[in-house]
Amino acid sequence: MSHVVYDLREVRRARYAVAAVFAVHGAVTGSFATRVPWIQEHAGLSAGQLGFSLAFTAFGASCSMPLAGRISHRFGSRTALRGLIALWTLALVLPALAPNMLTLCLAMFAYGASAGMADVAMNALGVEVERLLDKSIMSGLHGMWSAGALIGSAGGTLAAHLGADAREHFALASAVLTVLGLVACTWVLDLQPAEDEEPPPRFALPPKSALLIGAVGFCAVFAEGASLDWSAVYLRDQLDTSAGLAAACTTGFMLTMAVARLVGDAVVNRFGAVRTVRIGGGFAVLGGVLIVLAGHPAVAMAGFALLGLGIAVVVPLCFAAAGHSGPNPSQAIAGVATITYTSGLIAPSLIGGVAQATSLVVSFVLVTVLACGLGVFAGVLRTGERNRKTVSPPSAAVPDPRP
């Protein structure tokens, strides 16, 4: 353990700085998502070819995530996050430059790799700030990510409406977000390893604790991915709604998740991570039941809203529990992130496959069954509650928590 000390004011400032980094990270994702149709047309891809290319995002992230801990060990957390967030914001320009499927696959791999490393680094710093403050902040941080994604998507929607070339749009967005990210990193904690601390391995299997925690995250992200990609289709095909109302259902789901994450820390601090996830699991199951049984669009939309409310804080709490679960927070967080990214990768295609073989209603029966796992396995998140440290009053010094 290094001997750097922090006072409470510095830790609070670091919390807001990390929150800004989360928002920047989300804004990149939101900006990209709105221009996927332009990228598909520019590269001349079919729907299947586009789906194959986009899958390389998760492949790149899964391959790169274990490297984040080693980079932070080598350069310190502040310098590492500064470099990784800049790499991520600059990677936004790559997909729009791809003229065909091969180059788009390579671009998406690089895009995903930079996203994954920045994701692990900023979550690891968020966990350390949470540990020092001795209260839940991870839900709020992920809420800032969702808010950033909504802002990025709003900007992308405007650019698409104006007919802007995505290469120009991404270049401008990348420049602005890079500056904002670098400025925010100025105030994050600069954690340094002890002189005798061994660097984490470049690649390693996730620890057992991360596998158990990741299983909870898998259930939540599966429901999230299924809802984001299929909620509009569900309302259109199963309930014969208009395209506008179907799209509004997806937007409502995203807004519900964002708001729930922003206020989720107060709930977690009041009831604890385990009880919060179990209660959320109940809402998610109820939402799934409403979706499956819906005979009217309003019922289905209420179901998707409840599903979003129920799963909103699960992934932030999984990252927090992983970071508190052992001597190497970055490795555990990378393990959980890899599992959740995998869930997000397979959920949309599996939902489509089940719907093709049976029906979309049966697909959401599967989502509802997985949501039951949140309540059943929530106990593994108790690790994070046992391992937080307390910050002293503002006048006192706080030791650097990095093991």
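A: Start with a definition: helices (H or I, at least four residues) and strands (E, at least two) are DSSP runs, numbered from the N terminus. The protein has 16 helices and two strands.

Q: Where does the model come from, and how are residues numbered?
A: The model is predicted: local features need pLDDT of at least 70, side-chain atom pairs count only at pLDDT 80 or more, and totals for chains, interfaces and linings use all residues. Residues are numbered from 1 along each chain as its sequence is written, and side-chain values use heavy atoms, with hydrogens and water left out.

Q: How much of the protein counts as buried?
A: Of its 403 residues, 52% count as buried. Buried means under 20% relative accessible area, exposed means over 50%, and partly exposed is in between (1.4 Å probe, protein chains only).

Q: And what about the core? Which residues have the most contacts inside it?
A: Phe-364, Leu-374 and Leu-381 do, in the largest nonpolar core, which has 109 residues. Helix α6 (residues 101–133) gives the most to this core, with 15 residues. A nonpolar core is a set of buried Ala, Val, Leu, Ile, Met, Phe, Trp, Tyr and Cys residues joined through side-chain atoms within 4.5 Å.

Q: What does Leu-374 touch?
A: Its partners include Val-216, Cys-219, Ile-311 and Val-314, not counting residues up to four places away in sequence. Contact means heavy atoms within 4.5 Å.

Q: How many contacts join residues at least 24 apart?
A: 86% of them, among contacts between residues at least 6 apart in sequence.

Q: New topic: salt bridges. How many are there?
A: The count comes to five. The rule is a side-chain nitrogen of Lys or Arg within 4 Å of a carboxyl oxygen of Asp or Glu. Side chains of opposite charge can pair when their charged atoms come close.

Q: Show me one. Where do Glu-224 and Arg-261 sit?
A: Their side chains meet in a salt bridge (4.0 Å, N to O). The pair links distant parts of the chain: Glu-224 is in helix α9 (residues 208–239) and Arg-261 is in helix α10, 37 residues apart.

Q: Is Arg-261 buried or exposed?
A: Arg-261 is buried, with a relative accessible area of 5%. Glu-224 also counts as buried, because its relative accessibility is 18%.

Q: What does Arg-236 pair with?
A: Arg-236 forms a salt bridge with Asp-237, and the closest N and O atoms are 2.9 Å apart. Arg-236 is partly exposed at 44%, and Asp-237 is partly exposed at 47%.

Q: OK, loops. What's in the one between α6 and α7?
A: Ser-136 is one of its residues; α7 covers 138–161. Ser-136 is at 1% relative accessibility, so it counts as buried. Asp-134 is in that loop too. Asp-134 has a positive phi of about 60° although it is not a glycine.

Q: What does the Ser-136 side chain contact?
A: It makes a polar contact with the side chain of Asp-265 (2.8 Å). A polar contact is a pair of N or O atoms within 3.5 Å; within protein, one must be able to donate a hydrogen and the other to accept it, and residues adjacent in sequence count only if both atoms are side-chain atoms.
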